[in-house]
Amino acid sequence: MRHGRPDANKAEIVKFFRDRGGYWIDFTPDQGCDGLLAHDLVVDFVEIKDSSKPPSKRKLTNGERELELSLAVRGITLRVIESIADAKALIGFRYADIGKP
């Protein structure tokens, strides 16, 4: 089970996804990751980590690792996002970025 507050950059990253047409579903702490992102007929399980923290503070928790393994045996990857650059890479710049940072 995950404990604690969401990473500081979660709101910024979720807003980035939503501003580009992504549909975000928040998960509760006991569900193993931050949420689901639906975009361009793709659904990703997403865990958001704060890149401003040291690597030791960005490790997956036991619950996150458990979900990662459970997904992996089904051929699904848990996507770990640490920044807007990672978010852009995940959606592959599929959404128009005209006038958006």
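What share of the 101 residues in the chain is buried? Buried residues make up 36% of them, where buried means under 20% relative accessible area, exposed means over 50%, and partly exposed is in between, with a 1.4 Å probe and protein chains only.

Hi everyone, a word on the ground rules. This is a predicted model, in which local features need pLDDT of at least 70 and side-chain atom pairs count only at pLDDT 80 or more, while totals for chains, interfaces and linings use all residues. Numbering starts from 1 along each chain as its sequence is written, and side-chain values use heavy atoms, with hydrogens and water left out.

Let's start with the layout. The chain has three helices and four strands; these are DSSP runs numbered from the N terminus, with helices being H or I over at least four residues and strands being E over at least two. Read from the N terminus, the order is α-β-β-β-α-β-α. The accessible surface comes to about 6,300 Å², and 56% of that belongs to carbon and sulfur atoms; areas come from the Shrake-Rupley method with a 1.4 Å probe, and for residues only the protein chains shown count as cover. As for contacts, meaning heavy atoms within 4.5 Å, take those between residues at least 6 apart in sequence: 57% of them join residues at least 24 apart.

Now to the inside. In soluble globular proteins, nonpolar side chains tend to be buried together. A nonpolar core here is a set of buried Ala, Val, Leu, Ile, Met, Phe, Trp, Tyr and Cys residues joined through side-chain atoms within 4.5 Å. The largest one has 12 residues, including Phe16, Phe17, Trp24, Val46 and Ile91. Helix H1 (10-19), strand S3 (42-48) and helix H3 (84-91) each supply at least two residues of this core, and the largest share, four residues, comes from H1. There is also a second, separate core of seven residues, with Cys33, Leu60, Leu67 and Leu71 among them.

If you click on valine 46, you'll find that its contacts beyond four places in sequence include Trp24, Cys33, Leu37, Ile81 and Leu90. Gly35 is on that list too, so let's go there next, because glycine 35 is buried, with a relative accessible area of 0%. Glycine 35 sits in strand S2. Outside the four places on either side, glycine 35 is in contact with Trp24, Ile25, Asp26, Phe27, Asp44, Phe45 and Val46. Its C-alpha is 6.9 Å from that of tryptophan 24, which is 11 residues away along the chain.

How do H1 and H3 meet? Their axes come within 10 Å and cross at roughly 30°, the axes being lines fitted to C-alpha atoms, for helices over the stretch in contact, with angles from 0 to 180 degrees between N-to-C directions. That makes H1 roughly parallel to H3, since angles under 35 degrees count as roughly parallel, over 145 as roughly antiparallel, 65 to 115 as roughly perpendicular and the rest as oblique. Glu12, Ile13, Phe16 and Phe17 in H1 meet Ile84, Ala87, Lys88, Leu90 and Ile91 in H3.

Two loops to finish. Between strand S2 (35-39) and S3 lies aspartate 40, whose phi is near 45°, a positive value in a residue other than glycine. Leucine 41 lies in the loop between S2 and S3 as well, and its phi, near 60°, is also positive. Are they buried or exposed? Aspartate 40 counts as partly exposed because its relative accessibility is 37%, whereas leucine 41, at 93%, counts as exposed.

The other loop runs between S3 and helix H2 (62-72), and lysine 59 is found there. With 59% relative accessibility, lysine 59 counts as exposed. Beyond four places in sequence, lysine 59 touches Lys49 and Glu64. Lysine 59 and lysine 49 are 10 residues apart in sequence, with 8.4 Å between their C-alpha atoms.

Thanks, everyone!
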